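Me: I would like to learn how to read a protein model, step by step. Could we begin with the surface and then look at how helices pack?

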Amino acid sequence: MVTPLEEICNELEEEVDACVIAIAKFDYHSKQIQWKYVSHPLNDKYKRMVISYGSGVAGTVMQTGRTFLCRSRKDLPLVLSKYPIVLAEKLQSFAAIPLQTGHLFDAVLLIGYRNEHDLPSEQQWRPYAARISDYLKQGGLS
């Protein structure tokens, strides 16, 4: 049975022709970030990733509250090893979008491509980001 979150992510994936849709959440208890959902993962490494606030793709997006667009991983500002989700899922380009589920940006939506690909427009992803935020606000992926 498909969960409501999987349904939203499947629709988004189809809309933007993505290879990977992933969601990371900040855990207020541990003060760490973890990838909680990844569509079509190459492996289960994402489940073991623990990210500090301000580090990696998710930590950077949460800290800045801004969308992180990467048209080619060759253009990333830090060495590739600083972006474990990019390595584990062999992403070549991605858009990482901050999601607000409370007072802060405490979740991230990642739209990834395993080849260099035009990134989706805000018009394309915004309705899905809003639906995912609503789902998370209701306690999804806790």
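**Reading surface, fold and packing**

Reply: The protein exposes about 7,600 Å², of which carbon and sulfur atoms supply 49%; accessible areas come from the Shrake-Rupley method with a 1.4 Å probe, and for residues only the protein chains shown count as cover. This is a predicted model, in which local features need pLDDT of at least 70 and side-chain atom pairs count only at pLDDT 80 or more, while totals for chains, interfaces and linings use all residues. Residues are numbered from 1 along each chain as its sequence is written, and side-chain values use heavy atoms, with hydrogens and water left out.

Me: How many helices and strands does the protein have?

Reply: The protein has four helices and five strands, where helices (H or I, at least four residues) and strands (E, at least two) are DSSP runs numbered from the N terminus. From that terminus on, the order is α-β-β-α-β-α-β-β-α.

Me: How are two packed helices described?

Reply: Two packed helices are described by the angle between their axes and the distance between the axes. Here helix α1 (residues 4–16) and helix α4 (residues 122–137) pack at about 170°, with their axes 10 Å apart; axes are lines fitted to C-alpha atoms, for helices over the stretch in contact, and angles run from 0 to 180 degrees between N-to-C directions. Helices α1 and α4 are therefore roughly antiparallel to each other, a term for angles over 145 degrees.

Me: Which residues in α1 and α4 meet?

Reply: Among them are L5, I8 and L12 in α1, and W125, Y128 and I132 in α4, contact meaning heavy atoms within 4.5 Å.

Conventions. Angles under 35 degrees count as roughly parallel, over 145 as roughly antiparallel, 65 to 115 as roughly perpendicular and the rest as oblique.
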